[in-house]
Amino acid sequence: MEADAPRQRTLAGAFTLAGTGLHGGEPVQVTVQPGEPDTGIVFRRVDLDHAPEIPADVDLVTGVAWETALGIDDCVVRTVEHLLAAVSVHGIDNLQVELEGAEPPALDGSAARWCQAISEVGTVEQDSPARTVVVRKPLRIAEGEATYTIAPYAGFRVTAEIDFEHPVIGRQFASAEVEQGEFCELVAPARTFGLESWAEILHARGLALGASYENTIVLTETGLADGTELRFHDEFVRHKMLDVVGDLALVGARIRAHVIAERPSHRGNVEVARALKRLLSRPADGSPVVDTSRIMEYLPHRFPFLLVDRVVEFEAGKRILGVKNVTINEPFFQGHFPGHPIMPGVLIIEGMAQAGGLLLMNEFDDPQSKVVYFMSMDEVKFRRPVTPGDQLVYELEMVQFRGRTCRMRGIATVDGVVVAEAKMMAQVVDR
């Protein structure tokens, strides 16, 4: 977090809105209330026993087909993106959203009513610094047909481009600052849209059951349905921008970046949110939490097999972020492959395991007398090659720890893009 980080904000009061859920089609009422500092945006299903809570966290995303849904166990909150977009643009960090159903009301299919309600109640500053994720070098992410460039920027801006084979839509481009004035006026009123011919398919999947001419831009195969009028000539791309902002609210922090989205989708937006969350708590100046000399006190590995240069994040017993700078001088590039250097996948996993070993060794008082043996690797996947000049970031999460044995889940990324992932089990033994 930077020293000049802004303060957290929440609502100055509460408000209640009611209507029909866009996808579930059920009547629902939602009461939005102020939240305590450092609690984040939290949904509460007050219609269920014990009123279970679901934080607005990208790690809890359970669905990205035509909506963004969150869930813990059997408790789900659907279609959260429009409300979250309004919350994000008002700089709100902490909020309690009490739902008497599975999703917020669709209202008019946009975020305009949410923005209006928040503006009427107002916001207040809280005595705690806001978390901010700052993009310092460009990231590029692709998910299906969606591609994104996330560039350094002093504020938060979203640019989107879409291309639909429909005479009313076609190719559209728009860009806006994510701030109250411009966004609430030019983006928030843009409504969700769909073809009449999609209705039967979506209904069969339990989707769009609450869609109507009042909350959806309805299209025929050749034009707008009777009685449907656009609020903007490019309302379709503006609504896609709205979805991007709402989905990125799941990062759980203010964003300083220019997000450029081509053919954005909920699935792609969520992948961007995950990449930004991975950047969230790294030191702003890039300084290590643990440097190489300290790493060598915990790990027995030495050149050419020490594959972690530094640790940039560490939460004891929970997670670790390690870094490996891959250079053309790596000895394995001599034979893998001459003229076409690619880091062996097994060494990417080995580096990930070494970072996990550091996390595990920290649980013991005398790590110099211990060594970590890895017992199994499961669900190992390689997503893209790693080449000279890349910076590998290993992120390991401790899933279970009993006695001297633990289970971990890890990913390796380059520029925010996942290059490898695995689940592993390890044991600490005496040397």
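Predicted model: local features only at pLDDT ≥ 70, side-chain atom pairs only at ≥ 80, totals over all residues.
Q: Is valine 380 buried, exposed or partly exposed, and why?
A: Valine 380 counts as partly exposed because its relative accessibility is 35%. Buried means under 20% relative accessible area, exposed means over 50%, and partly exposed is in between (1.4 Å probe, protein chains only).

Q: OK, rings now. How many aromatic pairs are there?
A: The count is 6 aromatic pairs. Rings of Phe, Tyr and Trp (its six-membered ring) pair if their centres lie within 6.5 Å; planes under 30 degrees apart are stacked, over 60 edge-to-face, and the rest tilted.

Q: What kind of pair do phenylalanine 15 and tryptophan 114 form?
A: A tilted one, with 6.4 Å centre to centre and 55 degrees between the planes. Phenylalanine 15 is in strand β2 (residues 15–20) and tryptophan 114 in helix α2 (residues 112–121), 99 residues apart, so the pair links distant parts of the chain.

Q: Are those two buried or exposed?
A: Phenylalanine 15 is buried at 9% relative accessible area, and tryptophan 114 is buried at 1%.

Q: What about phenylalanine 193 and phenylalanine 236?
A: Their pair is edge-to-face, 5.0 Å centre to centre with 85 degrees between the planes. Phenylalanine 193 lies in strand β16 (residues 193–195) and phenylalanine 236 in helix α5 (residues 235–248), so the pair ties together parts 43 residues apart in sequence. Phenylalanine 193 is buried at 13%, and phenylalanine 236 is buried at 0%.

Q: Which cluster are they in?
A: Phe193 and Phe236 form one aromatic cluster with Phe164.

Q: New topic: how many residues of helix α1 are buried?
A: In helix α1 (residues 81–89), 8 of its 9 residues are buried. Among them are Glu81, His82 and Leu83.

Q: What do they pack against?
A: The buried residues of α1 pack against elements including β4 (41–45), β9 (95–99) and α3 (180–186); contact means heavy atoms within 4.5 Å.

Q: And what follows α1?
A: Glycine 91, whose phi is positive, near 65 degrees.

Key
Residues numbered from 1 in each chain as written. Heavy atoms only, no water. Helix = DSSP H or I, 4+ residues; strand = E, 2+ residues; numbered from the N terminus.
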